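User: I would like to learn how to read helix packing and pockets. Can you take me through an example?

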Amino acid sequence: MPRKKTSPKKEPKSGDEPREKKIKVSHVSVEDEDLTESKESSSTPKNWPAAYENMKTMMEGVVAPLESMPWYQARDPEQTKPEERFRILVALMLSSQTKDDQTLKVWNNLCKEGLSIDWVLEKSNSELSDMIKSVNFRSKKATYIQKTATILKEKYNGDTPDNLKELAALPGVGNKMAFLFLQSCYGKCDGLGVDVHLQRLANRLGWVKKNSKDADKIRIELESWVPKEMIFEFNRLIPRFGQMKCTANNPICDECLNNKICPSAGKC
Ligand code: SF4
C-alpha cells in the first residue's frame, strides 16, 4: 500500500517565498505532500520533482526575454480594463510561430498607434496586415484579429470572455493562448499553456509517452499529473528554462543539473 497517508509532512524551509511554500516541490515524493497525492498515477514521471527543483535552481536570478512579454505578467482582474485585455489577447495572437522580440516590437508599435477594438475595425485588412508584416502569417493573423474584434464588440460589449470555452472559440485563439490569457488577465490557472519550450522540455525530459508535437495532447498528458496548485509556476518556470538553458539548438547538457536524470542529456 502507498506510504503517503502515514508519513508526516515536512516543515517548510525558512526563507521560502509564500507561493513556493504552498506549492513546494523540492521534497515532493510519494511519501509526502498531499497536493501530489491526488495526482500520482502510473503516468507520473519519476524524475519530475527533482527535474523541476533543479530547473528552479538553475533559473535563480536569470531573466528570460519571455518575462517581458505582455501576457507573462499576472494582472489584478479588478484593476485591468477591457482595452488592456484586448491588447494582451492581440499580443498572444501575434506571437504564434513568431519570435518573442519580433512579437514585442510589432505589438508595441500597434499600441503606440492606438490598438483597440475600434481601431482594428477601422483598418482595412491589408492595412493591418501591412502593420504587422514582421510577424509570421501576418495576413491570416490580421484576419483573425479583425474577426475577433468584431465578435468582442458585438457579443461581449467590447470586453473579453473570462472562460476557456468562449476564449478558445475566438478566431485564431486556441487553448494555449486562452490559458495564458486567463492566467494573465483573470488570475485563473486552469490549465497549461503549452508553448514551444514546454513542448520541447516535456519531450526531452520524457514527461510524455511518445515524442509528440501535438501541444494539446502534451497538455492533457501533463495535466494528468501536474498538481493544479503548481500550474501557475509550471507555466512560468519551464518555458523560461527552455528559452535560456535547454534551448532548441544548444542545450546546456554538460552543466545541466538534470543531466543524470534526463533521458535526452547529451543527445539533442
Ligand atoms: S536536454 Fe540537456 S539541458 Fe535539457 S534538461 Fe536534459 S540535460 Fe538539461
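Analyst: Start with the pocket lining. In the largest pocket, α10 gives the largest share of the lining, five residues. Helices here are DSSP runs (H or I, at least four residues), numbered from the N terminus. This is a predicted model: local features need pLDDT of at least 70, side-chain atom pairs count only at pLDDT 80 or more, and totals for chains, interfaces and linings use all residues. Residues are numbered from 1 along each chain, and side-chain values use heavy atoms, without hydrogens and water.

User: Which residues lie nearest the centre of the largest pocket?

Analyst: They are S95, Q97, K176, D195 and V196, out of 37 lining residues. A pocket is an open set of points on a 1 Å grid where a 1.4 Å probe fits, with protein on both sides within 12 Å along at least five of seven lines; lining residues have an atom within 4 Å of a point.

User: What is the volume of the largest pocket?

Analyst: About 930 Å³. Volume is the space filled by probe spheres set on the points.

User: How do I read the packing of α4 and α8?

Analyst: Axes are lines fitted to C-alpha atoms over the stretch in contact, and angles run from 0 to 180 degrees between N-to-C directions. Helix α4 (residues 82–95) and helix α8 (residues 138–155) pack at about 155°, with axes 10 Å apart. That makes the two helices roughly antiparallel (angles over 145 degrees).

User: Which residues of α4 make the contact?

Analyst: Contact means heavy atoms within 4.5 Å. On α4, F86, L89, V90, M93, L94 and S95 make the contact.

Note on methods. Angles under 35 degrees count as roughly parallel, over 145 as roughly antiparallel, 65 to 115 as roughly perpendicular and the rest as oblique.
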